[in-house]
Amino acid sequence: MVLHPALQDWRVIVGKNVRRIRRQRRCDAALDTLSTEQRTLDAGWKSLKVRLMSLPKASTITRSEYDSIEGYVEPQRGRYRCILKTDKFNRIFVNALQRKLVLDELVRRNWITRSRSNDNQGQFIWPDGVRRRSLEINWGRRTSSA
């Protein structure tokens, strides 16, 4: 079947537009995935910050209270040193992806320490002398610009 030359040109134009639209849809889908991950990270980051801000200062905790708390904070120059039980950290997040995204961001910022040595098997020695599976998160303080 031979098409009229005007129709052949039309098919070429339509074909190019269809390919362009398909490429655009693939790009849009990729952007949606990125923005969904960013929203997931933002929500997890916010949840973590709220939890860390609710931790008591180490100076206000009695020795007998350490067993019943989920963590504590030691304000230090330029940062907050937050020690949080690992299982409590894991429960902050709505799913494993959110936890992974937040952990990746903490690692990227060098804000997290799991344990200082392999001998402790991921356990920090808390101020009451007991080893507990926990994470150290060094949350940076905001600096005021002069």
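## Exposure and the basis of the model

A residue is called buried when its relative accessible area is under 20%, exposed when it is over 50%, and partly exposed in between, with a 1.4 Å probe and protein chains only. N110 is exposed, as its relative accessible area is 67%. This residue lies in the loop between α3 (96-108) and β3 (112-113). Although N110 is not a glycine, its phi is positive, at about 60°. Helices (H or I, at least four residues) and strands (E, at least two) are DSSP runs numbered from the N terminus.

The model is predicted: local features need pLDDT of at least 70 and side-chain atom pairs count only at pLDDT 80 or more, whereas totals for chains, interfaces and linings use all residues. Residues are numbered from 1 along each chain as its sequence is written, and side-chain values use heavy atoms, with hydrogens and water left out.

## Strand β2 and its partners

Strand β2 spans residues 79-85, and five of its seven residues are buried. Two strands are taken to pair if DSSP finds at least two bridges between them. On this basis β2 pairs with β1 (residues 71-76) in the antiparallel sense, over six bridges. Within this pairing, P75 has Y80 of β2 as its bridge partner. The hairpin of β1 and β2 has two residues between the strands, and G78 takes a positive phi near 80° there.

Strand β2 is also joined to β5 (residues 131-140), by seven bridges and again in antiparallel fashion. Here I83 stands opposite E136 of β5.

## Aromatic contacts around W126

Rings of Phe, Tyr and Trp (its six-membered ring) pair if their centres lie within 6.5 Å; planes under 30 degrees apart count as stacked, over 60 as edge-to-face and the rest as tilted. The structure holds seven aromatic pairs. In one of them, the ring centres of Y66 and W126 are 6.2 Å apart and the planes stand at 85°, so the pair is edge-to-face. It links distant parts of the chain, 60 residues apart: Y66 is in the loop between α1 and β1, and W126 is in the loop between β4 (123-125) and β5. Y66 counts as buried at 4% relative accessibility, and W126 is buried at 2%.

W126 also pairs with Y72: the ring centres are 5.2 Å apart and the planes at 80°, so this pair too is edge-to-face. At 3% relative accessibility, Y72 is buried.

## Charges over rings and a tryptophan cluster

A charge sits over a ring if NZ of Lys or CZ of Arg is within 6 Å of the ring centre and within 35 degrees of the ring normal. The charged end of R132 is placed in this way over the ring of W126, 4.9 Å from its centre. R109 has its charged end over the ring of W111, also 4.9 Å from the centre. W111 is in turn linked by ring pairs with W45 and W139 into a cluster.

## The largest pocket

On a 1 Å grid over the protein atoms alone, a pocket is an open set of points where a 1.4 Å probe fits, with protein on both sides within 12 Å along at least five of seven lines; lining residues have an atom within 4 Å of a point. Grid points are joined across faces, edges and corners, and the volume is the space filled by probe spheres set on them. The largest pocket holds about 330 Å³ of space. Of its 16 lining residues, K49, L52, M53, Y80 and W139 are the closest to the centre.

The elements that give two or more residues to this lining are α1 (5-54), β1, β2 and β5. The largest share, four residues, comes from α1.
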